[in-house]
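Let's take a friendly walk through this model, one region at a time. Keep the structure open beside you as you read.

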Amino acid sequence: MESAASYYAQRAALDWQIEMGVDEALSETPIDRFELVDMPKAKVPAAAAKPVPAEPVEAPRVDAVAAAKAAAAGAGSLEALEAALAGFEHCELKRGARNLVFADGVPKARVMIIGEAPGRDEDREGKPFVGRSGQLLDKMLAAIGLSREESVYITNVLPWRPPQNREPKPEEIAMMRPFVARHVELAEPELIILMGNMSCEAALSKRGITRLRGNWAEAYGRPAMPMFHPAYLLRQPQMKREAWADLLDIKARLG
Ligand code: URA
């Protein structure tokens, strides 16, 4: 039997709840909410979770120079190197060029010429030095008994024409350097002619063709002669004297 005190206490509690606006029973048994405080919190359903704004996902940066080194190192022949360049997708210049300009002349010749970059004519034909400066180059070579048909191998630092013949960016030169180095290794020339400033920059990390020309240097592990570029000689014909002296020096070295 419940005591009268208990009855009045419960009645008072009920009156208080009614006073507070309680008008409906939620369950048959009472819930002590003070005891619930330490209970583990109910999990919020995933669907109700506030979506966290996604962090912008950056595409992983490709180390183009490392990719170039790997591609070049994997080429075991000149043909494979040409194919590796054709499949190299990290150089912007490729997208604007009509053709890959790889090389011309006699592979494994004693002399290898490294020019700068294809111009419009070279881009159209897919061969280095076929425009006006190429014609002058052929005359210069003929003057010391050389020719691309018989005794010279020719390539460029860049195998794709820069748009509007613009100056190549340092990163483009850096990206192509491993290919040029491998090209030299595979072509095995006895000596190299570095035609113009960009070619010197790629091979010697030096600019200033006026000071560099006429002085033998070492490039890609071989003796190298920096020379004025034929395109420069077309603009400054009075400099042909210096070019002639360099050609004679090359002829003497070949014996
Ligand atoms: N100038 C170069 O350096 N290379 C070419 O192939 C043509 C012009």
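A residue counts as buried when its relative accessible area is under 20%, and as exposed when that value is over 50%. What you are looking at is a predicted model. Aspartate 246 has a relative accessible area of 2%, so it is buried. Its partner is arginine 213: the two side chains meet in a salt bridge, 2.9 Å from N to O. This pair links distant parts of the chain, with arginine 213 in the loop between α10 and β5 and aspartate 246 in helix α12, 33 residues apart. Arginine 213, at 17%, also falls under the 20% limit and is therefore buried.

Another salt bridge joins the side chains of aspartate 104 and arginine 148, again with 2.9 Å from N to O. Aspartate 104 sits in strand β1 and arginine 148 in the loop between α7 and β3, so the pair ties together parts that are 44 residues apart in sequence. Both aspartate 104 and arginine 148 are buried.

Now turn to glutamate 89, which forms a salt bridge with lysine 94, their closest N and O atoms being 2.9 Å apart. Glutamate 89 is partly exposed, with a relative accessible area of 42%. Glu89 and Lys94 belong to a network of salt bridges that also includes Glu92 and Arg95. The count of salt bridges for the model comes to 14.

Next, follow helix α7, which runs from residue 132 to 143. From first C-alpha to last, its 12 residues reach 17 Å, close to the 16 Å expected. Which residues of α7 are buried? They are Ser133, Gly134, Leu136, Leu137, Met140 and Leu141. Seen down the axis of α7, these residues fall within an arc of 160°, so they line one face of the helix. The face turned away from that buried side carries the exposed residues Arg132, Lys139 and Ala142. Among the elements covering the buried residues of α7 are the strands β2, β3, β4 and β6, along with helices α11 and α12. After α7 comes glycine 145, with a positive phi near 80°.

Finally, look at the largest nonpolar core, which has 62 residues. Ile113, Met176, Phe179, Leu194 and Met227 have the most contacts inside this core. Helix α8 gives the most to it, with eight residues.

Conventions. Residues numbered from 1 in each chain as written. Predicted model: local features only at pLDDT ≥ 70, side-chain atom pairs only at ≥ 80, totals over all residues. Heavy atoms only, no water. Helix = DSSP H or I, 4+ residues; strand = E, 2+ residues; numbered from the N terminus. Expected span 1.5 Å × (residues − 1). Buried < 20%, exposed > 50% of the residue type's maximum accessible area, 1.4 Å probe, protein only. Arc of directions from axis to C-beta. Contact = heavy atoms within 4.5 Å. Core = buried A, V, L, I, M, F, W, Y, C linked by side-chain atoms within 4.5 Å. Salt bridge = Lys/Arg side-chain N within 4 Å of Asp/Glu carboxyl O.
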